[in-house]
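Please go through this model with an eye to its strands, its helices and its charged pairs. The report below takes them in turn.

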Amino acid sequence: MSTVPRMIDVSGEEALYLLEGACQGRLMYDQRGVTAVRPASHVLEYGRLIVRAPAPTASLFGRVTVTYHADQIHPVTGSGWAVTASGLAEVITNEDEAAHYRRTLPGWTHGPHDSLLRIHPQTVNGYRFARPSSASNAASGAGRPRSR
């Protein structure tokens with residue numbers, strides 16, 4: 001009987017649905033030739049990912065490519081999901097829009113390291129982690145109780 005979770009690909013649409021149900025993840029971007037990883041909060045609106053992260057805004061100006069990852073994995077069973085979205089990001093500079101997202105998305109810092117980004121996902125990959133079903137265990141005889 002295998003108890004190792006299986007990794008099952010999900011469609012881009014389902015991956016975005018999973019991402020929409022979460023509120024925190026990790027932002028990854030290039031900072032001086034090294035990949036920086038920062039905790040972040042997000043919301044998915046109109047196909048765009050709005051992210052608030054403690055990252056230096058100066059490193060993210062212009063249209064830079066970033067990666068965002070979120071997951072929900074049960075620590076005991078190992079079941080859950082993981083989604084990664086990559087694409088061009090732009091710093092949100094409109095003061096009214098930035099104020100709205102600062103009110104609605106929790107942050108970790110304030111000042112020059114409190115960045116708000118709009119990511120235009122170009123690639124979205126998602127996986128579900130699941131245990132083999134009990135039906136497949138029963139078919140193989142693995143789920144049957146032993147007789148005494």
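Is Glu-97 buried, partly exposed or exposed? Glu-97 counts as partly exposed, at 25% relative accessibility.

## Model and confidence

The model is predicted. Mean pLDDT for the protein is 85. Of its residues, 86% reach 70 or more. Residues 135-148 fall below 50 in pLDDT. Beyond near neighbours in sequence, that stretch has 7 contacts in the model. Where pLDDT is low, predicted coordinates should not be read in detail.

## Strand pairing

Strand S5 covers residues 64-73. S5 pairs with strand S2, residues 24-31, in the antiparallel sense. That pairing runs over 3 bridges. Within it, Arg-26 has His-69 of S5 as its bridge partner.

S5 also pairs with strand S6, residues 80-91. The sense is again antiparallel, and the bridges number 10. Ile-73 is bridged to Gly-80 in S6. The hairpin of S5 and S6 has 6 residues between the strands. In this hairpin, Gly-78 takes a positive phi near 80 degrees.

## Helix H1

Helix H1 spans residues 12-20, and its buried residues are Ala-15, Leu-18 and Leu-19. They sit on the same side of H1, because their arc around the axis is only 100 degrees. Glu-13 and Tyr-17, on the other side of H1, are exposed.

What covers the buried residues of H1? The cover includes strands S1 (6-10), S3 (34-45), S4 (48-53) and S7 (115-130), along with S5 and S6.

## Gln-31 in S2

Gln-31 lies in strand S2. Its relative accessible area is 17%, so Gln-31 is buried. The side chain of Gln-31 makes a polar contact of 3.4 Å with the side chain of Arg-38. Leaving aside residues up to four places away in sequence, Gln-31 touches Ala-36, Arg-38, Pro-56 and Ser-59.

## Salt bridges

How many salt bridges does a search of the whole structure find? The search finds 6.

Arg-118 takes part in two of the pairs described here. With Glu-90, the closest N and O atoms are 3.4 Å apart. Glu-90 lies in strand S6 and Arg-118 in strand S7, so the pair ties together parts 28 residues apart in sequence. With Glu-97, the side chains meet at 2.2 Å, N to O. Glu-97 belongs to helix H3, residues 95-104, and is 21 residues from Arg-118. This pair, too, links distant parts of the chain.

Is Arg-118 buried or exposed? Arg-118 is buried, because its relative accessible area is 16% and buried means under 20%. Glu-90, at 22% relative accessibility, counts as partly exposed. A further group, Arg-52, Arg-102 and Asp-114, is linked in a network of salt bridges.

Notes. Residues are numbered from 1 along each chain as its sequence is written. Side-chain values use heavy atoms; hydrogens and water are left out. Two strands pair if DSSP finds at least two bridges between them. Helices (H or I, at least four residues) and strands (E, at least two) are DSSP runs, numbered from the N terminus. pLDDT is the predictor's confidence in each residue, from 0 to 100. Contact means heavy atoms within 4.5 Å. Buried means under 20% relative accessible area, exposed over 50%, partly exposed in between (1.4 Å probe, protein chains only). The arc is that of the directions from the helix axis to the C-beta atoms. A polar contact is a pair of N or O atoms within 3.5 Å; within protein, one must be able to donate a hydrogen and the other to accept it, and residues adjacent in sequence count only if both atoms are side-chain atoms. A salt bridge is a side-chain nitrogen of Lys or Arg within 4 Å of a carboxyl oxygen of Asp or Glu.
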